[in-house]
Structures are given as structure tokens and as C-alpha cells.
Amino acid sequence: MGLEPKGDLFIAQSDGSIAKERPVKKKFKLWPFKKSRLKTLRLINALCYALAALIVLGSIHTASSDDYDDYQAWITNQTLLSVAPYTQYIWYAIFLLQGLFIAASFVPSLWSSELLGYHALADIPTGLEAFKKSIPVVHYPALCASTALAVYSFFQWNIMSLAFAGSFASTYFSFNIIRYQLKHVTISPNYGNSFRKIKRWMQRRRVADEKNTLNESLNGRGDVTNNGVLQYIFLKLPFELYAGYNLGWSVSLLNIIVHKSITSVLFDAVLAYVSLSALLGVGCYMMWKEKKGLCYGVGVGLAWYLFGGFFELVHPSSTVVYTTYSDVDIAAIKYMSVTFAGILVSIVALWAIKHVIKGGKRRLDEEHDE
């Protein structure tokens with residue numbers, strides 16, 4: 001009875017004894033950056049993004065086939081899977097989208113999304129455990145570091161083995177992030193601070209009749225769709241596009257390493273055939289297997305790289321390929337590249353059309369039910 005502990009809480013048992021009440025773990029939902037480690041991680045991600053963008057885009061801007069520090073070294077890197085120089089400008093689009101991902105950490109309607117990972121990180125005690133779970137905001141600094149290493153090694157140092165190691169590591173990190181995002185829903189109605197709920201609150205009326213209730217319901221469905229598109233562009237597309245393009249680039253770097261190690265034109269041609277077939281197989285497998293948006297970014301990024309290889313063979317930036325390989329091999333690789341790229345783009349278009357039709361049909365069914 002008169003027991004009033006200052007710190008711990010106690011509950012009375014049926015036999016008259018008392019027992020210490022176990023504290024209830026509070027569920028972390030809103031305003032995740034009140035905790036200092038999350039604030040620090042947000043700033044670290046922004047800093048890593050800025051440094052990686054500076055290194056990568058600066059390296060691409062200052063390096064081209066005409067003003068390489070060592071033009072002869074650049075010539076030795078040309079294989080059947082080399083791409084046109086302007087293909088590398090996709091990095092500008094990639095870092096623009098990565099900037100959206102960083103900006104999402106400062107947008108109230110997005111920072112609590114499970115696709116970012118801050119929400120899940122708040123309940124994880126150690127950084128090692130968070131890294132093992134492939135939480136996007138934890139893997140992002142490693143992704144930036146490996147990307148900067150790969151691009152700088154390729155354009156400035158001309159060390160292909162180091163570039164391949166960085167590219168392979170960044171591919172690993174990006175696919176881990178995508179795998180984590182696929183396990184979580186894109187839209188969660190439980191997050192209080194969202195554009196959808198803010199708009200509903202602003203449109204709320206003290207006395208709601210049947211017409212207002214119907215309008216609010218229809219506006220809510222439209223907001224859910226818009227919020228899903230917004231989260232996809234900000235949080236998923238940056239990693240999907242990067243993973244698709246970087247997959248093709250990693251295979252190309254592997255071909256360069258083998259080309260320098262084994263001086264056999266026949267082996268180079270066979271490896272190019274196998275590489276293109278493998279890229280098509282992996283791309284189709286990922287786009288048909290996953291139905292949560294993975295097809296769009298990965299398919300477009302990989303198709304862009306294949307188109308770059310096709311146009312490099314049509315309008316070569318150097319004649320070394322035509323003096324090294326036979327016309328039959330060049331023609332075969334050229335048409336394989338454009339055909340495989342067309343297949344990937346067609347699959348992306350089919351999925352997009354299917355999702356639009358399915359979404360429209362769902363909205364019509366909901367309106368009919370109401």
C-alpha cells in the first residue's frame with residue numbers, strides 16, 4: 001500500500017508479495033533523429049555522398065579518350081565489351097538519385113520509411129548487427145567508398161584489379177540494400193508524419209457528410225499512390241539503377257583483367273559472348289523473379305550499359321578493337337548487345353504497362369464497391 005518507489009515500479013501479486021514490473025520497450029516510430037547516433041549517421045551519409053560525388057564526377061569530367069594522362073594505357077583497356085565514353089555520364093543521373101536518397105533523410109514524410117532503415121536502426125543495439133542486416137543507411141558509407149575507389153582507380157590510376165575490387169564490393173553493397181528493401185513495404189499507413197496524413201488533416205471538416213467522406217476516401221487513395229511513387233523514386237530507384245549499370249561495368253572490368261592476363265584473341269571473344277549471355281540471364285531472372293519494382297532500375301541501368309557497348313562498336317572511339325578482333329566477332333557482339341538491351345527494355349515496359357493496368361483496375365473496383 002504505501003509503497004511508492006522513486007525509480008522502479010512494483011506490482012502486487014495474489015499472495016500479497018510484490019514484484020518488480022518489467023519495463024515495456026517503447027516502439028520507435030516517429031522523429032528518429034532525436035537520438036544522437038542517428039543524427040550522426042545522417043550527417044556521415046551526407047558527407048560520404050558529397051565526397052563520393054566529388055571524386056567520381058570529377059574523375060569522369062577530367063578523363064576522356066582524348067586527354068588521358070597515358071593514352072597508350074587506355075588503348076590496352078579496350079575490349080569487345082568496352083562502352084562509348086558518354087556512357088559513363090550515367091553517373092550524373094545515379095548521383096542525382098543518390099542525392100534524393102540523402103535528401104529523404106531530411107524530409108519528414110520519408111525519414112521514417114522502412115526503406116531508409118533509420119526506423120529499424122533505432123531498435124538495434126550495435127552497429128555490427130545493423131551492418132549484418134544490410135540496413136541501407138548503414139551500408140551506404142561503404143557503398144560510397146567502394147564506388148569512389150572503383151571509379152578513381154579506373155580513370156586516374158589505371159589499376160583495373162583495384163577498380164574491379166571496388167566495383168565488385170559496391171555491387172555487393174547495392175544488392176544487399178535492394179534485398180533489404182524488398183523485404184519491407186513501400187507504403188506504411190502507420191507512419192504519422194506523411195504527406196498523406198497531413199493532407200487529410202488539412203482537408204478535415206468538423207461535420208462530415210456522406211459526400212465529404214467519399215471525397216476524403218478518394219483523395220486518400222490518390223495520396224497513397226503518389227506517396228508510393230515518391231518513395232520509389234527517392235529510396236529504391238537510386239540503388240536499382242546503380243546496381244544494374246554497375247553489374248555491366250563489373251563484367252567489363254573482369255574482361256579487361258583477363259584480356260591483359262591472357263593474350264588470346266579467341267579467348268577474349270569467347271569470354272565476351274559468355275559475359276553478355278550471363279548479363280542477359282541475370283537481368284531477366286531478376287526482373288521476372290522480383291515483382292516489387294526491382295525490374296525498373298536494374299533493367300534500365302543494365303540496358304544502358306549494353307547500348308553503350310553497341311554504339312562503341314558502331315562508332316568506335318579507337319580503331320584498336322577493329323585491328324585486334326575479327327569482323328565476325330565484332331558484328332556478333334554488336335548485335336548481341338543491342339538485342340539483349342532491347343529485350344531488357346521490353347521487359348521493363350511490359351512490367352510498367354502491367355502495373356498501370358493493374359492499378360487502374362484496382363481503383364475501379366474500389367470505386368465500384370463504394
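Helices here are DSSP runs of at least four residues, numbered from the N terminus. The model shown is predicted.

**View 1. The nonpolar patch on helices H1 and H6.** Leu54, Ile55, Leu149, Tyr152, Trp157 and Ile159 make a nonpolar surface patch of about 540 Å². Helices H1 and H6 each supply at least two of the patch residues, and H6 gives the most, with three. Trp157 lies in helix H6 and is partly exposed, at 47% relative accessibility.

**View 2. The largest nonpolar core.** This core has 58 residues, of which Trp91 and Val137 touch the most other members. Two or more residues each come from helices H1 (36–62), H3 (90–104), H4 (118–121), H6 (136–157), H7 (160–182), H9 (210–261) and H11 (294–314). H9 provides the largest share, 12 residues.

**View 3. Surroundings of Trp91.** Leaving aside residues up to four places away in sequence, Trp91 touches Val56, Leu57, Ile60, Thr147, Val151, Tyr242, Tyr245, Asn246 and Trp249.

**View 4. The second core.** A separate core of 29 residues includes Leu302, Tyr325, Met336 and Trp351.

**View 5. Cysteines without disulfides.** The count of disulfides in the model is zero. Cys48 is in no disulfide, and the nearest cysteine sulfur, that of Cys144, is 5.6 Å away. A pair counts as a disulfide only with the sulfur atoms within 2.5 Å. Cys48 is partly exposed, with a relative accessible area of 21%; Cys284, at 16% relative accessibility, counts as buried because the cut-off for buried is under 20%.

Technical notes. Residues are numbered from 1 along each chain as its sequence is written. This is a predicted model: local features need pLDDT of at least 70, side-chain atom pairs count only at pLDDT 80 or more; totals for chains, interfaces and linings use all residues. Side-chain values use heavy atoms; hydrogens and water are left out. A nonpolar core is a set of buried Ala, Val, Leu, Ile, Met, Phe, Trp, Tyr and Cys residues joined through side-chain atoms within 4.5 Å. Buried means under 20% relative accessible area, exposed over 50%, partly exposed in between (1.4 Å probe, protein chains only). Contact means heavy atoms within 4.5 Å. Patches are made of residues with over 30% relative accessible area and no salt bridge: like charges are joined within 9 Å, nonpolar side chains (Val, Leu, Ile, Met, Phe, Trp, Tyr) within 5 Å. Accessible areas come from the Shrake-Rupley method with a 1.4 Å probe; for residues, only the protein chains shown count as cover. A salt bridge is a side-chain nitrogen of Lys or Arg within 4 Å of a carboxyl oxygen of Asp or Glu.
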